[in-house]
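Here is a friendly briefing to read alongside the model. Please keep the view open as you go through the points.

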Amino acid sequence: MDLRDFYLLAALIACLRLDSAIAQELIYTIREELPENVPIGNIPKDLNISHINAATGTSASLVYRLVSKAGDAPLVKVSSTTGEIFTTSNRIDREKLCAGASYAEENECFFELEVVILPNDFFRLIKIKIIVKDTNDNAPMFPSPVINISIPENTLINSRFPIPSATDPDTGFNSVQHYELLNGQSVFGLDIVETPEGEKWPQLIVQQNLDREQKDTYVMKIKVEDGGTPQKSSTAILQVTVSDVNDNRPVFKESQVEVHIPENAPVGTSVIQLHATDADIGSNAEIRYIFGAQVAPATKRFFALNNTTGLITVQRSLDREETAIHKVTVLASDGSSTPARATVTINVTDVNDNPPNIDLRYIISPINGTVYLSEKDPINTKIALITVSDKDTDVNGKVICFIEREVPFHLKAVYDNQYLLETSSLLDYEGTKEFSFKIVASDSGKPSLNQTALVRVKLEDENDNPPIFSQPVIELSVSENNRRGLYLTTISATDEDSGKNADIVYQLGPNASFFDLDRKTGVLTASRVFDREEQERFIFTVTARDNGTPPLQSQAAVIVTVLDENDNSPKFTHNHFQFFVSENLPKYSTVGVITVTDADAGENKAVTLSILNDNENFVLDPYSGVIKSNVSFDREQQSSYTFDVKAVDGGQPPRSSTAKVTINVMDVNDNSPVVIYPPSNTSFKLVPLSAIPGSVVAEVFAVDIDTGMNAELKYTIVSGNNKGLFRIDPVTGNITLEEKPTPNDVGLHRLVVNISDLGYPKSLHTLVLVFLYVNDTAGNASYIYDLIRRTMETPLDRNIGDSSQPYQNEDYLTIMIAIVAGAMVVIVVIFVTVLVRCRHASRFKAAQRSKQGAEWMSPNQENKQNKKKKRKKRKSPKSSLLNFVTIEESKPDDAVHEPINGTISLPAELEEQSIGRFDWGTAPPTTFKPNSPDLAKHYKSASPQSAFHLKPDTPVSVKKHHVIQELPLDNTFVGGCDTLSKRSSTSSDHFSASECSSQGGFKTKGPLHTRQVNEHFYWSISTAYKCPINQY
């Protein structure tokens, strides 16, 4: 055995391997000529196929597919879902299906088909054999409609003459069963002889003697019937000719002969020489050889019979694969009525003259001869069922099948001559898009013949590759102040797929509102103008998505850096900087820091500062912005400084900006309160016994030329109110009656009022004396004045009540006598005095008030009108609470009117202990108005100075002070400044103070408290007081 033989043997063994798990057979029997949709069988039921996946336990949807050859008209159809087999509209004709073959009753006419069960996990190949049973659909027919028979006239009665047999394509009981002779004229009869092969041969029986001379021709009919239901029949004319006598028939040496001849025997080759003998002589012994009527026409085409010699030769090329056995009936006739019969069986032997046949039936339907597979199809995907065959026999018919070259496909044997073409590995469209290979079938003959079938497979692309960016992170930069639509870059991605799976669209992610992206080209442009100062860097994503199903995508990060341009001027944190410094701050101290920013970057944001118009009062660090003083501050000399600061950046060209700076000098508590009311130390207030509690009986008013909390005042009665008859408002200074006065309260009361500020770190204060005379009337003013003068000798920490009553009792008689004695004189004097004094007082008051108004401010027209109204009101009579007592001025050389100079120190128990201290460290920042007026001039008084001098705790400075309004600009308090008879005070925070503007209005933060003075007489003890009598 050489190497080639070994290879063929191995291939043959491989082809014979069967996979019983996937290859099964079914046999069904049907009748021919069935109508459409007649059920034949049920594959899953007949094979007991389960639809449950044994591995997962889930139900699976099986698909049943008939494997058919392209162009064939299917005789049956298979339901793809149920596996039921039905007939089709193509009629199953048994005689056509099995034409050219002799089928006896025991032989079967059948056809085969293959059905595959999908998917691959349930794959099976079912070979189905369908046996077609005969139906009586053909009538028996004689070879010719007219049958001629020659019978010698000396034929003996009961002699038999063969009649050509009728043929019926049907088989079994549906074939020829009965012959009948019609109109036999009692001369002839009919008999049926059944041959060993089961054929029925009719024979004509002579029942009477024939006499050719009387009648030489008989015309009859012969009828043939089959055994089907319904029964079918046909007739032929039987014509009998009476001939002359020949009484010996030929005899064959062998009536049954079998010969073998190769199928490649050339034309003219002798098959067999038949020989028959006849005992007659002469012309009756001349034998003529002819084919019997039962010889098929096809056989007659292949073989020739010499009528004289009986030699059978080949007259056409034989083909064993077409007909392997030919049966020939040869008749030897000498002219007599009964010829001799011999049967020759010619066996055509095989020669390897046929190459193998490849029957390629696709499970996956091809398109124009090409099978299309998806690259995602799994391994062992079934493509086609391949059936190989060879018409030759034995070794010449043994076929092996294989694929010509290395491809990701293989053949899997399922039957002896059938293979499944499957994928052997995963397919990759990006690797190989198309396969074209040959399937080779080779037989084992000598020489070997082979056949090939070309298979074309194209892969369909699946969207299994996402787009890939050339750069996962794309960085680029662009200058700010760009134009809209500026081209930035082109974003590109590639996709290894093809077709629409490789069509890429681009899309911007979130945070990309400043950009536009062309969906197809990937061109990235700026949709807005960039401002680096608003956003220096943009980080967003770009998505590349293909058009596959489902689509795949990938992302890339884009970082856009905005480059700076010098498009921003330096910007001060405030357009107007205000700093506050204490008036005792030493020279070269830091007074503030200028803060300036530039939104640009790099050199464009490097800022240099300079002072424009300061006259060298301050020094500014050009880089840190620190302002230091180059002067010593004195708020009373200058309360604020204002200058401009310029900032220049380092850009090209440079940009600049300016800001205003105000340095406000803050007050230090270095001034004691100054008493304004009472204006005289010889005034007193009459308190009638009829006064009701809560009535205002007197008032105290003082000012402090400091500002803020240093100017906030508090009024307290520290002595002279031991009975608790009076009460002073700590804010307004109004003295009210606590209880209704009784006769025991009649007399002069001296109240010591302490006026203290709320300054820090130490509060300063001033004392003032307020005299209240409790009585229904004040008839003797001189007496009251004398009492006031004598109380000056009483220490302030003592009550004058004990000493005032003796004064009153001692002089009471004198007063009564003076009143009685001089009643008439007094009346006259009073009348004259009233006339003179009223006119003189009006002029004096007008001049005095005009002088004070000029010193305070110039009142507006509205205030003048209000003043006139006030004056008119004062002319109307008032209650006793509003009457002032006027004491005439004493002579300057009077001893009792000599100035009293001295210093009074309060004892420790009279010191004001409850004055609050203001914490400057917790004070909120304030805003000082730079145009605050100098109110020191309002504190100048034309009142006479008392000779009595109280030494204050802190020396009073003679410097002028600026009163700075510390309230917010939107808070306004309106009051008149034209006269001191209308005043206002308010409770405010530690930065609030009153400011009298040039228009005559006070501005304050707190609620309004108004007190009306209405021409009361007051006197106060303050620095360097003299004692002239002041009359209003």
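**Strands and rings in the predicted model**

Y362 has A384 as its bridge partner in β26. The model is predicted, so local features need pLDDT of at least 70 and side-chain atom pairs count only at pLDDT 80 or more, while totals for chains, interfaces and linings use all residues. Residues are numbered from 1 along each chain as its sequence is written, and side-chain values use heavy atoms, with hydrogens and water left out. Strands are DSSP runs of E with at least two residues, numbered from the N terminus, and two of them pair if DSSP finds at least two bridges between them.

**The antiparallel sheet**

- The pair Y362 and A384 belongs to the contact between β24 and strand β26 (residues 382–389), which pair in the antiparallel sense over six bridges.
- Both strands are part of an open sheet of four strands, in the order β24-β26-β29-β28, with antiparallel pairing.
- β24 (357–362) and β28 (409–415) are the edge strands; each has a single partner strand, so one side of each is left without a neighbour in the sheet.
- From one strand to the next, the twist averages 25° (axes are lines fitted to C-alpha atoms, and angles run from 0 to 180 degrees between N-to-C directions).

**The mixed sheet**

- Another open sheet has four strands in the order β33-β40-β39-β36, and here the pairing is mixed.
- At its edges stand β33 (473–479) and β36 (504–508), each with a single partner strand, so one side of each has no neighbour in the sheet.
- The twist in this sheet averages 25° from one strand to the next.
- β36 runs antiparallel to strand β39 (residues 537–546), and five bridges join them.
- Across these two strands, V505 stands opposite R545, and Y506 stands opposite A544.
- On to the next pairing: β39 and strand β40 (residues 553–563) run antiparallel and are joined by nine bridges.
- I559 in β40 is the bridge partner of I539.
- A hairpin through six residues joins β39 to β40.

**Aromatic pairs**

- A pair of aromatic rings is described by the distance of the centres and the angle of the planes.
- The structure holds 19 aromatic pairs; rings of Phe, Tyr and Trp (its six-membered ring) pair if their centres lie within 6.5 Å, with planes under 30 degrees apart counted as stacked, over 60 as edge-to-face and the rest as tilted.
- One of them joins F188 and Y218 edge-to-face, at 5.1 Å centre to centre and 75° between the planes.
- F188 lies in strand β11 (residues 188–194) and Y218 in strand β13 (residues 217–226), so this pair ties together parts that are 30 residues apart in sequence.
- F188 is buried at 4% relative accessibility (buried means under 20% relative accessible area, exposed over 50%, partly exposed in between, with a 1.4 Å probe and protein chains only).
- Y218 is also buried, with a relative accessible area of 8%.
- The ring centres of F530 and F538 are 5.4 Å apart and their planes are at 50°, so the pair is tilted.
- Both F530 and F538 are buried.
- F530 and F538 are members of one aromatic cluster with F514, F515 and F540.

**Charges over rings**

- K127 has its charged end over the ring of Y415, 4.5 Å from the centre; a charge sits over a ring if NZ of Lys or CZ of Arg is within 6 Å of the ring centre and within 35 degrees of the ring normal.
- K433 lies over the face of Y429, at 5.1 Å from the ring centre.
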